[in-house]
Structure formats: structure tokens, C-alpha cells
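Hi,

Here is the structure I promised to pass on. Have a look at it first, and then read on for what I found in it.

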Amino acid sequence: MKAFFILLATIVAFPLAAQDGAPPAPFAYRQLDNPAQEAAAQELMETLRCLKCQSQSIADSDAAMAGDMRHQVRIRIAAGDSPDEVRDWLIERYGDYVSYEPVMSATTWPLFAIPVLLVLVAGLLFARRFRRRA
Amino acid sequence: MSWRLWLPFMVFFGFLGLAAYQLSQPKDDEIRSAMVGKELPYFTLPPASLDLPGVDSRYFADGKPKLLNIWASWCLPCIAEAPQLEQLKEEGAEIVGVAIRDKPTDVMRFLSQHGNPYTRIGRDDLSEVQLGIGSSGVPETFVIDGNGIITYQHIGDIRPENVPVLLEELRKAGQ
Amino acid sequence: MIAEIGLAALWLAAALAVLQLLGGVLALRGGTTSDIAALTRPAAILQGGLVAVSFAALLYVFAITDLSVKLVAMNSHTLKPLIFKLSGAWGNHEGSMLLWVTVMALAGALIAGIERRLPEKTMQATLAAQGFVALGFYAFLLLSSNPFERLAQPAAEGLGLNPLLQDIGLALHPPTLYFGYVGLSVAFSFAVGALVTKQVTPAFARAMRPWILGAWVFLTLGITAGSYWAYYELGWGGYWFWDPVENASLMPWLAATALLHSASVLASRDALRVWTIMLGVVAFSMSMLGTFLVRSGILTSVHAFAVDPERGSFILFLLALYIGGALLLFALRAGAISEGERFSVASREGALVVNNVMLSAILAVVLLGTLYPLLTEAFDVRVSVGPPYFNPVGAVFTFPMLAVMAVGPLLRWRKDGFGRITKELALVGAVLLSGPILFALLFGMAILPLLGLSFAIALAVASFLPLKGRKLRRVPVETWGMVIAHFGIAVALFGMASESAFSTEKLAALEEGGTTQVGPWSVQLQKVEPVAGPNWTALAGRMTATYRDGEPVEIAPQSRNFWAPPQQTTESVLVTRWNGQLYAVMGSDANDGRWQLRLWWKPFVTLIWYGGLLIALGGVLALVGRVQKDLKRRYVTRRAAERRVDMENG
């Protein structure tokens, strides 16, 4: 499981290995002044996937592109967009992959159906077993 | 013997089949843009170098298909694809550059070292255009038709074998 | 020379594994009294010694940095401190596999040497299974991952000096998880042995239980340590990301937890026979699956470390062989094993069954969410499954499980009624209900943290109720173990819910001398100064942090640049108080004379890992209690046998 660490280490290190010259976007590391908007933006950022690091949200990444995405999210929220509008804007460009928020769709319904099915089966087995005994 | 006892075995073999199939497939980590087939979003970028003009999205709707190359002077694969861009230019392709998070001095040094295939280079300091067209890395190259519609996306550096593909896509976009 | 000795010992050990397998199989066919059957146990014991020699040889070549050995040249460096030279021996694919087989062979030697409670046939089958599993790993090592391979020309200097990997946590974390995985492999061998002879008895559960407990303790420690490492090293204050590689370590833990409880039912009440066997197989398959997912790179990104599809294929092949074989055996044999003793819903067993089902459902959710992208990619659709899926869907099963966990230990075995424990139920229920009302009134919280805090407090109270009315000094050690482990779950849950509900984040850009507030802390940036280390330079932000009106604390988080390989890391600083942690990260230059800082105040966040430690401590106590009891039982049986012999003679 050292791989766990190497993976994490590379996630930390990789984005910065490709050094670029530009300073971070203004709202990459700056919170919005309106606390309600900042909270909404933060909540949204935690559910958007960093496209460069691939297994972290943009809220947890030092990658420059994640910073630029945070900037986009914050200025759009500040401009009055709802979190869902911002999410849809990104999904329109990158597909469902960019969002961790599970939406029930033609491709994702088994994610929800299978756990429900498992519980039903377990319940059924219980019911049968304990009824038989009684 | 109950069929239910075979259930774990069958589920497991389903997984094995899937895993074996995926292991045999070449790993595809590319994130394709969902904007292919859609219109280029509106943007205006200031020039990224002193010699070339900046880029405006309306510039693409002049009837002639073009290549939109997302690149940066700090990106190593961009050096690797420079000869192929040169070749595309010689074959008559018009290449518009968008430099991501870059400085004019670095851009100009890169162009003097590795050649300049571009007619215009826009400076995208906040990755706005990159995010706007659904690109997730540098370098990437998009084919834009004469009406400003994105028709094709190439991810990663352009290898010699990709050149004919891009020329063909440009030709199709021109019809 | 030493490397060759190590390799030779490994080949010999592999040969003995063949002997162990053959001996076990022949014993099953020809009866346990044959000559070959007598060889099984010595083969296992000698094998343990040989593999230990082989691993010692690997440690030696790493300790002296023998650069003619390829693995050393690739992963070590003469300038490393000795401790990291040694840990480098298992900090790579080949060495870690050798460590795995070493622990496995030592475990095999131990059961061959001391385990005599089970019928000899079951033991022979168990040792044969153990030999079979070990053989696969020997083949993997010797045929495709030889750790002792020599270079034609000794290297001038080693390549392995990655500073990020020189961390004491990193040195100890992998062995911790391997011990866990190997413990589960022993449980697996026992399950296969019992399936072969169809003797699924309380004695079988008692023989298996110490291994499950041990594995569970190590897995708990491994996950706890890994989570804390991610928390302090990644610099964003997150401690769990539902990353596939993290899930790979969580899944065996979930399966082992379920197995632990069902084995308890089997040991005490002779019920849940088939289910325990199934879980024994599942727990080990989750370890193998985790190894496969991590090493094949099938789920990780291009930006991760170099992975090897060939190794992935080999592990997948082993997985198919072990787990496919065991499940086939299960399908053929389990029908002949009767269900065991019956019990009513309102009983200790009933509660444990519900707990088992819930744990399995959580395991299924994690497994499904982890593998789902693999499934859709087969159809060229890419989806992301992350925290917004795992948290709520997992919670649907976690909270009912916690409720059962609070009540279950109060119930009696076999048949009980809730009427007997109305007072306790009322107490737990009252705490559970008053929590949401209180927190909602005070803070207006989101639903999951609200439930988390309420359940944590209720469970913390409930976990001590089994001690009510008992003389504390007479309470058996293993009961203390259960109480403390359950309390640990409550503590960890409280930390998680509190972190999620009450954390405050502050991203600030400060000039030198500027001050900012985060929660109850006020942080002043004094000075930013360059610092140099052996292979890095850094910017350190000297700050004073003051909690309300308290004494200021000096801190200096760094933003570090390593030269070779060029990497930037953040060295965050944590200021721990009894009621939480201040988490400070130094950012970059804001280009206008100001410096970017990231600050968090995370109330009670440390409880997450203290909870993990308590859970592990509970496991240790349970292990001690069980082993003590087993030894006593063995002593009593021997005395009884001696007395019988005496009486017959006398």
C-alpha cells in the first residue's frame, strides 16, 4: 500500500512540477466577501473534479488549472449564478466526468438501484428466516 | 444444491471479466471536450507576444476553417509538437494559438527557439478560453470550421502521424 | 553472495510450499496418519524460517547499499539515513511482495506450530490452502518480480532519494497494512479448510478469531495513520477523499469488521456458519482486490506512479485462482453445511446479524462506487463517483448500523425482549433525540453532521451501558475491548461530524505585520524568510497565532521547493488544543507585496484519529482476552486428559 502514498505524493507534487510563470487567478486563493456566496461556492467546489489531478476535487488541489476553475466558480457565483447553473456550465463543456455530484441518469442509475436492491433482498431473507422459526 | 450459493461465484466472474477486459485495453485517460459540434463560446484575448495580434472568437467566423492550438511556453510536449505545427502551416493550415498562463517574454523566447506557426496568439491568464471550450490540458488542438463551430479535438501533442488526420479534419470542416 | 543466499532461501521456501500443499492434499485423501501428512506441519515451519532468512538478506543488502543488486540501485542511495535504507527494502513492488510472503510464511509456521484445537483433517486442509496461497506469491516473486536480481555492472550510485518518500509514517504504514492483509489470508485458509471438511464449528471460529482480530487491529491502525498523513501532508485539511486507493484499504476493514462479529456469533452460539465462511472468503478477496487495483493502475490516473499492467495481470490471475477457487468450493460445499443454531430477532445474534448486513451493504456501496467508473468506461462513458455519492449513500446504512450497535450489546444471546432493557433504550433514545433539537437550535446545521453528532453522543453513552451493574474489576478483558472499540467509533464519528459542521476556512493575503482571524484564532504574519534544507529551499512564514486572549504561539509553515526531482510541497503547521486544531499553510506571493495564507480552525478534528486509536486498542484488548481464555481452556483440557490417564493407570 505504499502506492497509496506515492499516489498522494504525486497528486500533491505533480501539478506544481509543471511550473508556469503566471500568478494564480485572483479568486483561486481568495474568498468571496459575501459569506453566503462563499459557502455556496465552497460547497460546489468540493463536488467538482480537478481535471488535471483526476482524483481530487478542485477545492483540495494546488494545480493551476484547479485554481482557475475555483476562480471561475467564485466569479460566477458572485455574479449571481446559482451553483447548479455553474455546475451545468462545466458539465456542458466536460461532460458528467467533471462533477462528483451523482445525478440519476441513464448511465448512473445502477449506483442507486443496486444498494436498494441489496437491502430488499436482505430484508426478504430476514423476514423468511425469522418467520420460519416462529 | 441451491442456485443462490452460485451467486457470489457468478458476480466474481463478472468482475474478473470486466477487469481482464479493462487491463487488455490501452488506458484512456483523456477527458474529451463536450463542446465538439457546438459553437465556439464568445471570448476576446489580448496579445500574448509583441509581434502578433490577440484573438477574438468572432475572428473564427470568417468562412475559413482554422486550427486552435492550446499551448504554453512552459509545457514540454509543446516543444515536441512544434515541428508538426510548422508542417501543418506549410500545408496551408491557419493556426491560432492560445497561450495558457504565460508571459510575453517567455512566449517570444519559445517562438524564436522553436519556430512560429501562429498567425495570432491570445493570452489566457485565467484559463478562461481553455475552460470555455472544454480543454483539460496543454497542448490540445481544436479544428474550428468557417462558422465558428468546433468540429474536432486532438488531445496531447501532435505526432507526425496526426498531421494527415488534422489536415483531413480541416478539409471536412471547409466543405 | 548474501543476495544469492536470499534468493536460494526463497526457492527452497517455494519448494516447501509445494510439499505443504501436497502433504495436506494427500492427507485428506489418505488419512491423517500417513507419513506424508506428518510432513505438512514441519514444511510450514521450516518455510517460515527460510523466508525470514530471505527477507533478512534483503534488509542486509539495503543496509550496506549493495549497488550491484538492481532493486537497491533503483530504490536506495548511499546518503540515506539507515532507517530509510531499511524501509526502502519494502518501499517498492518487489520488496513489498517479499515482505508480504514473509509475514504470511511466519503466520503459516505459527499455526502449524501451535494450532491443535481443530480436527487434524481440517488443519491439514487449512495448511494446504495456506501453502497454495503462498505458492502463488512465490511464483509471482520468483518468476516476475525477483527482488535479488543483480546488475551486470554495479551502479555508481542509487536512484532512490525521493524526499517525499522519506517519512517515518511512510516507512511504517505499508507493513501495517500487509500484516492486516496476511491476517485475513490466514482467516481465508481456515475458511477453505473448514469448507473442505465441512466442519464449521465453534472451535473453528475460535481458531480463526485471533487472526481476524490481529488483522483488524493492523488495518485500523493503517487506515488511521494513512488518513492523518493525508491530512497533514496534502495541505488542504482533508482527511479522506474516497479515492480508489483509499477505498482499497477501507474495503478489507469493513469485511474484517463484519467477519469479526459473525465469527463471534459462531464461536459463542454455533450459528451463522455459512455466513462466516462466506465473509472469510470475502475479507481476503477484498485485500487481493485492493492490491490489484493499486498495482495494476487500472483505476488511477496517468499522473500517478508508474504502474505495470503485467503485474496487474499476474495479481488478477492469482485473484481468479484463490477467490474463484474458494467461491467454487463454496458453491459446491456450502449447501451441505447446516445453518446452525436458531435465534430470535430480539437477541444478541439478531443484532449482530443486522450489523453484519449493514456492514456488508456499506462494503457493497464502497465497492460499487469504486468499480463503477471501470464499468462505464467499458462502454466509453466516463463518470466520477466521489464524496457526494459515498457520504449520503453510505450514511443510509451507517446510521441504522450505529443504532443497532448501541442496542445490540445490551441484549442477551438466543432470545431476549426489548422489554427487559426499556430503561437503557429510553436513555439512548432520549440522548439521540435531544441532540438534533439542541444542535439545530444552536447552530442550524446540515443534516448529515447533525445526525453524526447526535449518533456519536448517543453511541458514546450506549457503549458503556453493557458495564452497568457489573463489578468493573470482574468484567472480562474482551468485554472491555468491545466497549472501548465501540466508544472509539463514537469518538471518531464525533470528530468527523464536528470537522464537517464547525470548521472555518480563511484564505488571506497578508503583508508582513498584517493580522487575520480564523474562528477564535487571530494570526499575525510577522516575517517571510527563505530557509534552506539539504535538497530544498523554502519560504517560511513566521507567524504568531493567538487563541482568544491566550498566550501567542509561534508557528512557521513553509512552502518548499525540492530540486531533484523538482517538486513543490507545503509544510503545514498544526497547533493542537484540546478542542481542535489550527491548520496553517503558507501559500505563494500574491505579487503585490502580500503573501497568501490558508488557515483553518477545525474543532475536535483530532478525535477522528484518537477514535481510530481507541478502536485499535479495543481490538488489542479483545485479542488479549481471547488468547488468555484459549490458553486457559487448553490448560484445563490437558489437565482433564492427564487426570483421566492417571485414573486409568491408577
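**The sheet in chain C**

Strand 1 of chain C and strand 10 (residues 595-603) of chain C run antiparallel and are joined by seven bridges. Across this pairing, Leu507(C) stands opposite Arg598(C) in strand 10 of chain C. Please keep in mind that this is a predicted model.

The two strands belong to an open sheet of four strands in chain C, with the order 1-10-9-8 and antiparallel pairing. At its edges are strand 1 (504-510) and strand 8 (573-577) of chain C; each has a single partner strand, so one side of each has no neighbour in the sheet. On average, neighbouring strands here are turned by 15° against each other, direction ignored.

**Helix 1 of chain B**

Helix 1 of chain B covers residues 7-24, which is 18 residues.

**Chain B against chain A**

Chain B also touches chain A: 18 residues of chain B are in contact with 19 residues of chain A. The chain B side of this contact has eight nonpolar, five polar and five charged residues.

**Backbone details to check**

- Val138(B) and Pro139(B) are joined by a cis peptide bond, with omega about -10°. Pro139(B) sits in the loop between helix 4 (128-132) and strand 6 (140-144) of chain B.
- Ser127(B) is not a glycine, yet its phi is positive, near 55°. This residue is in the loop between strand 5 (118-124) and helix 4 of chain B. Ser127(B) has 24 C-beta neighbours inside 10 Å and therefore counts as buried.
- Asp270(C), also not a glycine, has a positive phi of about 55°. Its place is the loop between helix 9 (244-269) and helix 10 of chain C. Asp270(C) counts as partly exposed, because it has 15 C-beta neighbours inside 10 Å.

Best wishes

Notes:
Residues numbered from 1 in each chain as written. Chains lettered and ligands numbered in written order. Predicted model: local features only at pLDDT ≥ 70, side-chain atom pairs only at ≥ 80, totals over all residues. Contact = placed C-beta atoms within 7 Å. Nonpolar A, V, L, I, M, F, W, Y, C, P; charged D, E, K, R; others polar. Expected span 1.5 Å × (residues − 1). Pairing = 2+ DSSP bridges. Axes fitted to C-alpha atoms, helices over the stretch in contact; angles between N-to-C directions. Buried ≥ 20, exposed ≤ 12 C-beta atoms within 10 Å, placed from the backbone.
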